[in-house]
Amino acid sequence: MIELQPNAKTPLYEQLYAALADEIRRGILPPGSPLPGRRTMAAQQGVSANTVDAAYQMLAAEGLAEARPRSGFYVQKTYGMLHPRRPVPAPAEAPRPAEKAPLYDLSTGSVDTSLFPARSWGRLQRELLYQRPELLQRGEMQGDAALRAQIAWYLSGYRGVCCTPDQIVVGAGIEYLLGCLAHLFAGSLAAIENPGYARTQAVLRNSGLTCVPVDIDRDGLPAAALEQSGASVCYLTPSHHFPTGITMPATRRAELLAWAAARPGRYILEDDYDSEFRFDTRPLPSLQGMAGPDGTVVYLTTFSKSLAPGIRIACMVLPRPLLAQYRRDFAAYANTVGRFEQQTLCAFIAGGYFTRHLARIRLAYKRRMEAFAAALRDALPGVQLGAVHSGLHFLLTMPSAQGERAMVESAAREGVRLRGLSEYYLARPALCAPNTVVAGYSALKDADIPAVVAALARAWN
């Protein structure tokens, strides 16, 4: 029994097809049985033979019916694999309480979007959009050559990186590049700093590497502990350790380079985290620059903090032995960064916009850090602030507090989101300094500093 609706928006042939398909899937029309002839069905439904033919052809195209010459259409066997198309009800879930958005976010993953150079960036990108239609085509695997040349120039002049443009690989974020490196080091044991960046550990583990956390000291990761770990690959943030802010001295860097050179196949992955933001002295040259272009250091950096996290542009500098393996294993891969974004950054660096932008935001963040730190010292007697002169966060310790968790929870009740230092310990959290939280200020508005400090004073005093 098929009832068609002549006044419905769905065409009659689609209605007839849907009704017959449902009966076939439900087994009402058994496999091998003939469908009524086109004229018979047309007479039964009060439609044209063409309408019936269109419905039957749709059944045949879907494999639900078979057209036999001079015989008609017959129901096909479905072997129980085709079922009625009925909406599957969503499983009932208990309503989750809505998480209250914080009034002030002192986490470390955001930036002040008002500092983004939207006018110059947008103008350069618009010009490329209209003048460079060839950028719609697929680009080079390692990234456009022009951008890699500009990055090599910048890294050489400002970070002491020693490389040629052909050693640079551009990718959509540090996580993607770490995944590529994990493939190159398949089967290796990787040492990571403790405390450190949990996302790095997750990326390396998800990519097949076994990770071992190695405890840092006041100078960073010790070479002796690294040797004892048995690792052949080591991930470091020597210029600005996350989250403690330690800058690794030259003597410790030399010890780690000696560790890498002691055995073939050892490599250091240097993440130059927040190196642009140092407010007291010029940062030390990169570890890669000390090792040289064919040394044992893979250099990684990103433009997420200097521009914006949403602009997914990062790069790595590969020593030539690894570069040959990378090109062999990833030859069929396309670059993961859009060419218009690549060429916009290329023009941004080449035109001098990038260095001027860095100088402007470095000054803005320095003033914010000084104002925030001064206000905290005034409002919180006994507060201790660590690593204030580098990066975009510092460690805040309240010796009189009732524990790190109490600090985080009481701050949350006052509308301030921040994280405890122990959350960054990948192992042995008992080593964490007590009553210490990580306070990021990169997304904090200058005008909100008094209100944030007052909220923390209410929470902790």
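User: Which residues in α4 meet which residues in α12?

Analyst: On the α4 side the contact involves Ser120, Trp121, Leu124, Gln125, Leu128 and Leu129, and on the α12 side these meet Phe340, Glu341, Gln343, Thr344, Leu345, Ala347 and Phe348. Contact here means heavy atoms within 4.5 Å, and helices (H or I, at least four residues) and strands (E, at least two) are DSSP runs numbered from the N terminus. The model is a predicted one, in which local features need pLDDT of at least 70 and side-chain atom pairs count only at pLDDT 80 or more, whereas totals for chains, interfaces and linings use all residues. Residues are numbered from 1 along each chain as its sequence is written, and side-chain values use heavy atoms, with hydrogens and water left out.

User: At what angle do α4 and α12 pack, and how far apart are their axes?

Analyst: Two packed helices are described by the angle between their axes and the distance between the axes. Helix α4 (residues 118–131) packs on helix α12 (residues 339–350) at about 125°, and their axes are 9 Å apart; the axes are lines fitted to C-alpha atoms, for helices over the stretch in contact, with angles from 0 to 180 degrees between N-to-C directions. The two helices are therefore oblique to each other, given that angles under 35 degrees count as roughly parallel, over 145 as roughly antiparallel, 65 to 115 as roughly perpendicular and the rest as oblique.

User: How does α5 pack on α12, and which residues in α5 meet α12?

Analyst: Helix α5 (residues 145–159) and α12 pack at an angle of about 40°, with axes 9 Å apart, which makes α5 oblique to α12. From α5, the residues Ala146, Leu147, Gln150, Ile151 and Trp153 take part, and they meet Gln342, Gln343, Leu345, Cys346, Ile349 and Ala350 in α12.

User: At what angle do α14 and α15 cross?

Analyst: The axes of helix α14 (residues 404–413) and helix α15 (residues 449–460) cross at roughly 125° and come within 8 Å, and that makes α14 oblique to α15. Met407, Ser410 and Ala411 of α14 make this contact with Leu456, Ala459 and Trp460 of α15.

User: Turning to the rings, how many aromatic pairs does the structure hold?

Analyst: A pair of aromatic rings is described by the distance of the centres and the angle of the planes. The structure holds 17 aromatic pairs; rings of Phe, Tyr and Trp (its six-membered ring) pair if their centres lie within 6.5 Å, and planes under 30 degrees apart count as stacked, over 60 as edge-to-face and the rest as tilted. One of the pairs joins Phe242 and Tyr424, which are edge-to-face at 5.2 Å centre to centre, with 85° between the planes. Because Phe242 lies in the loop between β7 (233–236) and α9 (250–262) and Tyr424 in the loop between β14 (419–420) and β15 (436–440), this pair ties together parts that are 182 residues apart in sequence. Both Phe242 and Tyr424 are buried, where buried means under 20% relative accessible area, exposed over 50% and partly exposed in between (1.4 Å probe, protein chains only).

User: Which residues form the aromatic cluster, and what does Phe354 touch?

Analyst: One aromatic cluster is formed by Phe116, Trp121, Trp153, Tyr154, Tyr158, Phe303, Phe348, Tyr353 and Phe354. Phe354 lies in helix α13 (residues 353–379) and, at 1% relative accessibility, counts as buried. Leaving aside residues up to four places away in sequence, Phe354 touches Tyr154, Phe303, Ser306, Leu307, Phe348 and Ile349. Phe354 and Ser306 are 48 residues apart in sequence, yet their C-alpha atoms are 8.9 Å apart in space.

User: What is phi of Ala387 and of Asn435, and is each residue buried or partly exposed?

Analyst: Phi of Ala387 is near 55°, a positive value in a residue other than glycine, and Ala387 lies in the loop between β11 (384–386) and β12 (393–397), where at 25% relative accessibility Ala387 counts as partly exposed. Phi of Asn435 is likewise near 55° and positive, but Asn435, in the loop between β14 and β15, counts as buried at 11% relative accessibility.
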